[in-house]
Amino acid sequence: MASQDELKQQVAKAAAEYARGGIIGVGTGSTANYFIEELAKIKSRIDGAVASSEATAQRLRGHGIKVLDLNNVSPGDLEIYVDGADEITEHMHMLKGGGGALTREKVVAAVAQKFICICDATKLVPVLGKFPLPVEVLPMARSHVARELTRLGGQPVLRDFTTDNGNVILDVHGLTIVNPVETEAKINQIVGVVTNGLFAARPADVLLLATQEGVRTLKR
Ligand code: 5RP
C-alpha cells in the first residue's frame, strides 16, 4: 500500500505533465513541494514560475527555477496554477489555507488560465468544513472579525502565525459549508477580512487525485 507521501509524489509527477512551457503558478504545502521537485527536473522546458508564498519562492530558487513577480506576467503566459488543498468536493470547490498562504494562492489562481488541484484521496469530501476554515484578517480587526464569524455559526481560533502579508489567521471550526460560493462571498464581506480559504467562486478546473489504484483525473 502506498503511503500518503508516495501518493503526493505520484500526483505531483502527473501534474508536471501539464507544465509544457511558459510560466507556471506554484502553490504552497507538502504536495506543492513535491510538484516543485518534479518541476526542477523539467525546468529547461519552462520560462519560470510565480510563487504563492515566500516559502515556495525560496524553494523554487533553491532548485534553480526563476521566480517572477506576478505583476510582470501577462495572464496569457500563466497557463496553469498547480496547488494542493485541505478539502475538495466533486464540484471542485476547495477549502485551502492550512499552510497560511491562502491570499497569495487565490491571487495567483485568479490570474492563471487553469487551476490544477493535486491531492491524495483523503482530501475528497462530500461537504467542506470539517477542516477548520482559515480566514486571513488585518491584525487590528481580529476581534471584530472573530465576533462576526461567531454570528455566522463558527468558532474562530487565532492561529499562532503571521502571514507573508503581515496579517493574522483565524481558523474557523464547526462550519458545515453547504453553499461554498455564498459562504465565500459572505465572509469576504466582513470588514477587516483579507480573504478566506474557500476557493469556490473560482474552483479548480482539473483535479488530479492520487488513490491506491493510481491517479484519477476529474475535470470541471
Ligand atoms: C496552503 C494550502 C495547501 O494547499 C493545503 O494546506 C494543502 O497542503 P498539503 O499539500 O501539505 O496537504 O492551502 O496554504
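Predicted model: local features only at pLDDT ≥ 70, side-chain atom pairs only at ≥ 80, totals over all residues.
**Stop 1: Ser52**

Then show what touches Ser52, skipping neighbours within four places in sequence: Val26, Gly27, Thr28, Tyr81, Ala101, Arg104, Glu105 and Val108 are in contact with it.

Is Ser52 buried or exposed? Its relative accessible area is 0%, so Ser52 is buried. Buried here means under 20% relative accessible area.

Now draw two distances from the Ser52 side chain. One goes to the backbone oxygen of Val26, at 2.9 Å. The other goes to the side chain of Thr28, a polar contact of 2.7 Å.

**Stop 2: the ligand**

How many residues surround the ligand? There are 17, and the closest are Ser30, Thr31, Asp86, Gly97 and Lys123. Colour this shell by residue type.

Pick Ser30 next. An N or O atom in the Ser30 side chain is 2.5 Å from an oxygen atom of the ligand. Then pick Thr31. One of the polar atoms in the Thr31 side chain also sits 2.5 Å from a ligand oxygen. Finish with Gly100. Here the backbone takes part: an N or O atom of the Gly100 backbone is 3.5 Å from an oxygen atom of the ligand.

Taken alone, the ligand exposes 380 Å², and the protein buries 91% of that.

**Stop 3: Met92**

Select Met92. Find it in the loop between strand E4 (87-88) and strand E5 (94-95). Check the backbone angle phi. Most residues other than glycine have a negative phi. Met92 is not a glycine, yet its phi is positive, about 75 degrees.

Is Met92 buried or exposed? Its relative accessibility is 2%, so Met92 counts as buried. Keep Met92 on screen; it comes back at the next stop.

**Stop 4: Arg220**

Jump to Arg220. This residue is in the segment after strand E13 (214-219). Its relative accessibility is 58%, so Arg220 counts as exposed; the cut-off for exposed is over 50%.

What does Arg220 touch, leaving out residues up to four places away in sequence? The list is Met92, Arg202, Pro203, Ala204 and Asp205. Draw the polar contacts of the Arg220 side chain. With the side chain of Asp205, the polar contact is 2.7 Å. A polar atom of the Arg220 side chain also lies 3.0 Å from the backbone oxygen of Ala204.

Now compare sequence with space. Arg220 and Pro203 are 17 residues apart in sequence, while their C-alpha atoms are 8.7 Å apart.

**Stop 5: Glu184**

Select Glu184 in helix H6 (residues 180-188). Is this charged residue buried or exposed? Its relative accessible area is 7%, so Glu184 is buried.

Follow the Glu184 side chain. A polar atom there lies 2.9 Å from the backbone nitrogen of Ala200. Show the other residues it touches, again beyond four places in sequence. They include Lys106, Asn196, Leu198 and Phe199. Ala201 is also among them.

**Stop 6: Gly197**

Go to Gly197. This glycine lies in the loop between strand E10 (193-196) and strand E11 (198-199). With a relative accessible area of 0%, Gly197 is buried.

Which residues does Gly197 touch, not counting those up to four places away in sequence? Highlight Met94, Leu95, Lys96, Leu102, Leu133 and Pro134.

**Last stop: the whole chain**

Zoom out and switch to a cartoon. The chain has 6 helices and 13 strands. The radius of gyration is 17 Å, close to the 17 Å that the globule rule gives for 220 residues, so the chain is as compact as a globular protein of that length. Turn the model along its principal axes. The C-alpha trace spans about 50 × 40 × 30 Å.

Colour by burial. Buried residues make up 53% of the 220 residues. Show the surface of the chain: the accessible area is about 10300 Å², and 50% of it belongs to carbon and sulfur atoms.

Finally, look at contacts. Of those with a separation of 6 or more, 71% are between residues 24 or more positions apart.

Conventions: Residues numbered from 1 in each chain as written. Heavy atoms only, no water. Near = heavy atom within 4 Å. Polar contact = N/O pair within 3.5 Å; in protein donor to acceptor, adjacent residues only side chain to side chain. Areas by Shrake-Rupley, 256 points an atom, 1.4 Å probe, with all protein chains shown as cover. Helix = DSSP H or I, 4+ residues; strand = E, 2+ residues; numbered from the N terminus. Rg over C-alpha atoms; globule rule 2.2 N^0.38 Å. Buried < 20%, exposed > 50% of the residue type's maximum accessible area, 1.4 Å probe, protein only. Contact = heavy atoms within 4.5 Å.
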